[in-house]
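Morning, everyone. Let me put the model on the screen, and then we'll walk through it.

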Amino acid sequence: MKILGIETSCDETALAVVSDKSLIGAWRGKPLKVEVSTVLSQIQTHEKYGGVVPEVAAREHLQAMGPMLEKDIPFDGKGIDAIAVTAGPGLAPALRVGVETAKTLALLWGVPLIPICHLEGHIYASWLPRAKRVLPFLPQPVPSFPALCLIVSGGHSELVVMKGHGQFERIGETLDDAAGEAFDKVAKMLSLPYPGGPQIARLAVGGQVDAFDFPRGLLNRDNLDFSFSGLKTSVLYTLRSNDEKLDDEEFRKNIAASFQEAVVDVLVRKTMRAAKRVKPASIVLAGGVAANIELRARMRAAGETEGIDVFVPPLTYSLDNAAMIAAAGYFRAQDEKNFVDPLDLAADSNLDIV
Ligand code: KG4
Ligand code: ZN
């Protein structure tokens, strides 16, 4: 079975074709095969605005979509069994480009259409193959259920229990900023370009993680929710009261390292608190912030201590891409109930995973 995935929820135009080598293989827990995966980033366009402008994103998706389809996807849809498209959440004008493209192709090729929640897609990145494997001759394991998923992206920070394919229950969420948003805002305070996550991570290398004692939001509350706005404000006040040091590289590195430490600390400790309650068979890290090397390492180490398998997405599929959307579509395609009439589908910027 071959699935075409389409993703346009934010500032990446992405197309992918994912297949199972054999149906049995995928169901037995082998990863899917990525036949094609292309991502066209609009970062350079949005950089000058300091964030993503929805209408500009939509225009760029429109310009990119035709040539990308022509280059990477068989024009008659030959061999494609279904189309999976991100239907939300995301920027409405941007989502619409992907959704309308998917509807048109589904009608043209006469194949089923499957709407996918972007957050579900991020989780399914852990069902995609890794480039580097310790034991390449052994099958790559995939998460087993129930899986405790930490979704951390530019718009979301959530703890979700995945009981089976397509079955989700939310047990925690952010009360204010998302983790990625906090990275982006602190980067802006340090005059670093958008998106801020990778910039902060780079700056933090060699910085002192305990140079500043930034607050760990809600860590002492007995719940599974997150809050990053207090941390963001604390960084702002620290920068304001040290404005003579704003160009001092060591000071900047210490701010970045201490900030990143506070975020990672909260994310890992709350996930482990959730694990004690849920007793999952695996932990899955998902979303753009899952590209953070420190978070990946600390989550893996915490899982090892607790004896729980931790799955971090391959770095290539941590940020927005369409292979993860096609992977989610592959599992949804096993049940016809998940097919929708192309004439009925509309993008939903608030689409929820549960
Ligand atoms: O999932 P994603 O690509 O887009 C959304 O669905 O939002 O996530 C983007 C977010 C941005 O906030 C970006 O700053 C953050 O992920 N990010 C990182 C890193 N790479 C991307 N945050 C921390 N460390 C990174 N290495
Ligand atoms: Zn995303």
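Start with the ligand. Ligand 1 is surrounded by 18 residues, where near means that a heavy atom of the residue lies within 4 Å of the molecule. The closest are H122, G154, D184, G197 and N292.

Before going on, the ground rules. This is a predicted model, so local features need pLDDT of at least 70, side-chain atom pairs count only at pLDDT 80 or more, and totals for chains, interfaces and linings use all residues. Residues are numbered from 1 along each chain as its sequence is written, chains are lettered from A and ligands numbered from 1 in the order in which they are written, and side-chain values use heavy atoms, with hydrogens and water left out.

Now the polar pairs at the ligand. D184 has a side-chain N or O atom 2.6 Å from an oxygen of ligand 1. G197 uses a polar backbone atom, 2.9 Å from a ligand oxygen. N292 places a polar side-chain atom 3.0 Å from a ligand nitrogen. How much of ligand 1 does the protein bury? Alone, ligand 1 exposes 560 Å², and the protein buries 89% of that. Those areas are Shrake-Rupley values with a 1.4 Å probe.

Next, salt bridges. The rule is a Lys or Arg side-chain nitrogen within 4 Å of an Asp or Glu carboxyl oxygen. The count is 18.

Look at R298 and E261. Their closest N and O atoms are 3.2 Å apart. R298 sits in helix α10 and E261 in helix α9, so this pair ties together parts 37 residues apart in sequence. Helices here are DSSP runs of H or I, at least four residues, and strands are runs of E, at least two, numbered from the N terminus. Is E261 buried or exposed? Buried, at 16% relative accessible area. R298 is partly exposed, at 24%. The cut-offs: buried is under 20%, exposed is over 50%, partly exposed is in between, with a 1.4 Å probe and protein chains only.

R269 and D265 also pair, at 3.1 Å. They are four residues apart in α9, about one helical turn. D265 is buried at 10%, while R269 is partly exposed at 45%. Shared partners join R216, E261, D265, R269, E294 and R298 into one network.

Last, the inside. The largest nonpolar core has 47 residues. Such a core is a set of buried Ala, Val, Leu, Ile, Met, Phe, Trp, Tyr and Cys residues joined through side-chain atoms within 4.5 Å. Helix α9 gives the most, with 14 residues.

Conventions:
Polar contact = N/O pair within 3.5 Å; in protein donor to acceptor, adjacent residues only side chain to side chain.
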